[in-house]
Amino acid sequence: MSDTLLDVRDLGKRFGGLQAVDGVSFQVRAGHIKSIIGPNGAGKTTIFNMVAGAFPPSSGSIMFQGRNIASMPSHEITRLGIARTFQNVKLFRGMSAIQNVMVGRHCRTRTGFLGAALRLPHAISEERRIRAAALEHLEFVGLADIASTDAHSLAFGQQKTLEIARALATEPKLLLLDEPAAGLNTRETEEIAQLICRIRDTGVTVLLVEHDMSLVMNISDEVMVLDFGSKLAEGLPLEVQNDPEVIRVYLGAEYVAE
């Protein structure tokens, strides 16, 4: 399809004797929110790790905008336009919220070590632009008022939102969100859902791993279900909710849609 941003074919990952991902294929269309769901250990985060370049696949291809990125290091993949967040928040200690977001701009900067160390005029000018852009991202996610606050003193929900702001600072075309609602209360989950939709509305495509089925079914354009490293089902949220195998293996009868 001409609007396919990410095209994953026969993706596999083996760790010793464990086949964590086994021949999974899927596409992500530009401007859409696609969710990957399934039981713990199904291979969801392993797929994220391969797409983001954390480790190479054992088999298969990962095509991003027509280019195979399966063997690329993570920093090159980030430059191409893929950013991610993590299940467990990974912020930089001893740094403020805005400094954490500024780190996300590193892949778009031009100043080298020497220019930064000597505080040359072009380095100072670029740093100002980076700070201004970081503040815009904080405003977008609703955290501008805590820009100078130490990141690790923020509430858990704010930390997760801050991590999204840092990922957005890389200027991604595809944003991988790994369980953004995990550990959040109902209000915070609703706010995250609204934020994800606003991100999509800016033109950023979203690939989401999440266990909160209400969030997934309400905001996703398409849902893929994994079980034991293999694709169990894929389709529109309503189709997946009513798939007998998905209900049996993962959702349970309470998630059947009318």
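**Selected sites in the predicted model**

Arg 93 lies in the loop that connects strand S6 (82–84) to helix H3 (97–104). Helices (H or I, at least four residues) and strands (E, at least two) are DSSP runs, numbered from the N terminus. The model is predicted: local features need pLDDT of at least 70, side-chain atom pairs count only at pLDDT 80 or more, and totals for chains, interfaces and linings use all residues. Residues are numbered from 1 along each chain as its sequence is written, and side-chain values use heavy atoms, with hydrogens and water left out.

Arg 93 is exposed, at 67% relative accessibility. Exposed means over 50% relative accessible area, buried under 20%, and partly exposed in between (1.4 Å probe, protein chains only). The C-alpha atoms of Arg 93 and Ala 151 are 7.1 Å apart, although 58 residues separate them along the chain. Helix H3 is mostly covered, with 6 of its 8 residues buried. Among them are Ile 98, Val 101 and Met 102.

Asp 178 belongs to strand S7 (residues 174–178). Its relative accessible area is 1%, so Asp 178 is buried. The side chains of Asp 178 and Thr 45 form a polar contact of 3.1 Å. Such a contact is a pair of N or O atoms within 3.5 Å; within protein, one must be able to donate a hydrogen and the other to accept it, and residues adjacent in sequence count only if both atoms are side-chain atoms.

Ser 25 sits in strand S2 (residues 18–29). Ser 25 is buried too, at 18%. Its side chain reaches the backbone nitrogen of Asp 10 at 2.7 Å.
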